[in-house]
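Dear colleague,

I am passing on the structure below, together with some notes on what turned up in it. Please read them beside the coordinates.

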Amino acid sequence: MAKSVLLICFLGLVFAFAAADNSPLQDFCVAEAGSSVLVNGQACKDPETVQANDFSFSGLHLPGNKSNPVGSKVTPVTVAQLPGLNTLGISMARIDIVRILLVLEGTLEIGFITSNPDNRLISKILQKGDVFVFPQGLIHYQRNTGYGNAVAIAALGSENPGVITIANVVFGSMPDISVDILAKAFKVDKTVVSQIQSKF
């Protein structure tokens with residue numbers, strides 16, 4: 001019984017990702033509450049007023065009431081609950097089902113950097129049950145800031161996503177990026193670049 005319920009949940013997630021929207025036209029388009037204008041979702045909030053809370057949702061750690069005929073409760077995290085999801089073509093949900101237990105642990109510092117010319121850091125400390133969305137294509141990070149293990153679930157908009165670790169790509173490429181190019185890009189002496197490249 002539990003295996004068939006898991007299969008149904010998995011298939012629901014597969015179909016949800018298969019129906020994703022097209023790529024956004026800008027870094028992010030945080031939904032503007034109350035606007036009647038629709039642009040590939042909802043109208044965009046002024047980017048200068050965007051804050052970390054626009055990309056965060058708290059409460060996924062709270063159990064849903066399963067005492068109903070279906071024996072489950074879906075807690076959605078869509079653009080209605082998380083404005084930063086607007087135009088990203090993804091969403092997620094917590095599904096509470098009898099006999100299945102999901103535990104997320106730890107504390108994470110997360111953040112992303114907006115594109116040039118601002119390069120603004122938007123960051124937040126996440127606790128158990130919090131959700132954060134990274135706008136597509138922007139440099140981002142996460143760091144365990146607690147004393148124990150941190151566990152997180154990531155929802156991705158691809159069936160085969162890649163990972164780009166910036167230091168590995170820049171300093172560990174094969175063949176190496178020219179020391180001259182990296183020294184100029186990072187505004188450091190060539191010996192510094194050579195020393196960093198030797199670690200990869």
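A surface patch of negative charge is formed by Glu32, Asp46, Glu48 and Asp118; patches of this kind take residues with over 30% relative accessible area and no salt bridge, like charges being joined within 9 Å, and the place of a charge is CG of Asp or CD of Glu. Of these residues, Glu32 lies in the loop between α1 and β1 and is partly exposed at 32% relative accessibility (buried means under 20%, exposed over 50%, partly exposed in between, with a 1.4 Å probe and protein chains only).

This is a predicted model, in which local features need pLDDT of at least 70 and side-chain atom pairs count only at pLDDT 80 or more, while totals for chains, interfaces and linings use all residues. Residues are numbered from 1 along each chain as its sequence is written, and side-chain values use heavy atoms, with hydrogens and water left out.

The whole structure holds two salt bridges (a side-chain nitrogen of Lys or Arg within 4 Å of a carboxyl oxygen of Asp or Glu). One joins Asp54 to Lys45, with 3.0 Å between the closest N and O atoms, and Asp54 is buried at 10% relative accessibility. The other pairs Asp180 with Lys190 at 2.8 Å, N to O, and links distant parts of the chain, Asp180 being in helix α3 (residues 179-186) and Lys190 in helix α4, ten residues apart; helices here are DSSP runs (H or I) of at least four residues, and strands (E) of at least two.

With regards

Methods. Patch = residues over 30% accessible without salt bridge, like charges linked within 9 Å, V, L, I, M, F, W, Y side chains within 5 Å. Areas by Shrake-Rupley, 256 points an atom, 1.4 Å probe, with all protein chains shown as cover. Lys, Arg positive; Asp, Glu negative; His and termini not counted.
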